[in-house]
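Please look over the chain shown here before reading on. The paragraphs that follow go through it part by part.

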Amino acid sequence: GTMYANALDFRKQQMEIERKTILGQVKTKRDRARMLRAESSKYGEQASEAETKSKQFTEKLVEAEQQIATLRHESVMIDEESIDDAVNRYEQHLLSSARQTEAIQAEVNEHEAHSQQTSERRTKRDGEKRELEIDLAAVREKFRNATQTRTKLESEESLLRLLQTAEVNADVSATKAISQADDELPKVQKAILQLRIESVEDERNLLALADSSRLPPSRDVQTLLEALKREKVTCYSGWEFFATNFPVSSIREKISQLPFIASGIVVADKDYDRVVELSNVGSAGGEAFVSLRLSAPVAVAPVSAISDESFGTWRVFGPESAAYFDTGEAADEHVRLKAIGENRNEEVEKHQRWYEDLTALVSRLREFRDSYPRGWFGEMEQKISSTEFRIADVQSDIQRDNDVTEKLNQSIADGNKRIKELATETAHVEKRLFRVNHFKSQYADKIDDWKNQKDELATKAEDFRSRQSTKHNE
């Protein structure tokens, strides 16, 4: 019984070993079958890709045959003619047409240049003839007008006054008169300006007399007074202070002692420190006083300075009028200023008229000199003598140019007609050459490569199919 049991165990072990061996063999065969199927599928895909590409090249070759057939059918290419021969034939035709066009155009350009020169010469001759005829008719009229202008100018009182003479030759003396007037005008203008300034000052004085019965201080003093009062400084002009605080009989003496205060400003002692501060540019409010732009120095002193007996050494002249401090003089001063003003106004009007006469005279003298320079009359006479002789020659030249222009224009028309015909023909040939070149670049230059690639792909496809079949059979 023991031996039988052992035999069964041994047999059982052998069967287990055989089972594992068979299972291993089955797995190996399955793995190999899977590998063979994958390789077969890969070769199939490669074969399909190669066949598709080969078919595409075949289609391109067919399309190329159709295109060249169309070109031959439409006579763009001659039967049996190669692409390169067709390109060469059209290029030679275009070159020949271009040379013909260039030669004809050169001839036309030459004729046009000659015709243009002739036309310009004829136009110039026509203009010369018209100008000569106009000059011949106009020269006497110009001379007559010039003589009238000169005579009128020589009789002008302003010119005789300027040159201080009873008679004058305008042609000889015009330049000299212009120079003298240029010197005189600024002097007259300066005199007018000075008179007007004096007149304005007198008007100011008259207004002050009417308002306060005293002459006003200077403009600089008035300006500074107003500025100080805006700063709340108690102040007066020197004239006003003297008139208010001293008897009229003693003011002349005070003026001799303190002329700078008479023509300046007096401030209350309590405000003098503020005035000192304002005179400093860097102080608060000082900048505003710089902007007053005073034209002359103005003395400003406190009331206490007037009692100071330490006077300097000087002499005082003026003022002529006591109306600066004596209201009793106001009426007489008013009458005096009125009389002076009336006389001055007459003087201004006289100077103004002379200035206007001089200005107008200079303008007429310059116009005369510009219009009729020295030698002008002799030039006019010489022009008359030469004009008639030149008119006959110009007319002869005009007729000859007309004949030449007519012949040239006919030659130009014939040449342009032939150029237009060649241009039409060239455009037609260029279109055909474009089609041939397009076929050459898109098809002809690639046909050999397409054939080689088609054959190569076909061979590859056949090889891949063979490998696929082998793997499938395995």
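Lysine 232 is exposed, because its relative accessible area is 71%; exposed stands for over 50% relative accessible area, buried for under 20%, and partly exposed for what lies in between, with a 1.4 Å probe and protein chains only. Lysine 232 sits in the loop between helix 5 (219-230) and strand 1 (235-237). Helices (H or I, at least four residues) and strands (E, at least two) are DSSP runs, numbered from the N terminus. Although lysine 232 is not a glycine, its phi is positive, at about 70°.

This is a predicted model, in which local features need pLDDT of at least 70 and side-chain atom pairs count only at pLDDT 80 or more, while totals for chains, interfaces and linings use all residues. Residues are numbered from 1 along each chain as its sequence is written, and side-chain values use heavy atoms, with hydrogens and water left out.

Glutamate 80 also has a positive phi without being a glycine, with a value near 70°. This residue is in the loop between helix 1 (2-73) and helix 2. With a relative accessible area of 76%, glutamate 80 is exposed.

Now the chain as a whole. Its secondary structure comes to 13 helices and 3 strands. Of the 474 residues in the chain, 30% are buried. The accessible surface is about 31,500 Å², and carbon and sulfur atoms hold 50% of it; such areas come from the Shrake-Rupley method with a 1.4 Å probe, and for residues only the protein chains shown count as cover. Contact means heavy atoms within 4.5 Å. Among the contacts between residues at least 6 apart in sequence, 79% join residues at least 24 apart.

How confident is the predictor, and what is the mean pLDDT of the chain? The mean is 79, and 86% of the residues reach 70 or more; pLDDT is the predictor's confidence in each residue, from 0 to 100. Over residues 310-320 the pLDDT is below 50, and this stretch has 17 contacts in the model beyond near neighbours in sequence. Where pLDDT is low, the predicted coordinates should not be read in detail.

Helix 2 spans residues 83-154, and alanine 106 lies in it. Alanine 106 counts as partly exposed because its relative accessibility is 41%. Is histidine 111 buried or exposed? At 19% relative accessibility, histidine 111 counts as buried. Leaving aside neighbours within four places in sequence, histidine 111 is in contact with Leu408, Ser411 and Ile412. Elsewhere, the charged end of arginine 89 sits over the ring of tyrosine 90, 4.5 Å from the ring centre; for this, NZ of Lys or CZ of Arg has to be within 6 Å of the ring centre and within 35 degrees of the ring normal.

Helix 3 (residues 157-163) contains serine 158. Serine 158 is buried, as its relative accessible area is 12%. Not counting residues up to four places away in sequence, serine 158 touches Trp354, Asp357, Leu361 and Arg364.

Next come the aromatic rings. Rings of Phe, Tyr and Trp (its six-membered ring) pair if their centres lie within 6.5 Å; planes under 30 degrees apart count as stacked, over 60 as edge-to-face and the rest as tilted. The count by this rule is 4 aromatic pairs. In one of them, the rings of tyrosine 236 and phenylalanine 241 have centres 6.5 Å apart and planes at 45°, so the pair is tilted. Phenylalanine 241 and phenylalanine 246 have ring centres 6.4 Å apart and planes at 65°, which means that this pair is edge-to-face. Ring pairs join Tyr236, Phe241, Phe242 and Phe246 into a cluster. Tyrosine 236 is partly exposed at 34% relative accessibility, whereas phenylalanine 241 is buried at 9%.

Helix 7 (residues 248-257) has Ile251, Lys254, Ile255 and Gln257 as its buried residues. These residues lie on the same side of helix 7 because they cover an arc of only 155° around the axis, the arc being that of the directions from the helix axis to the C-beta atoms. The face turned away from this buried side carries the exposed residues Ser249 and Glu253. Helix 6 (238-245) and helix 8 (259-262) are included in what covers the buried residues of helix 7.
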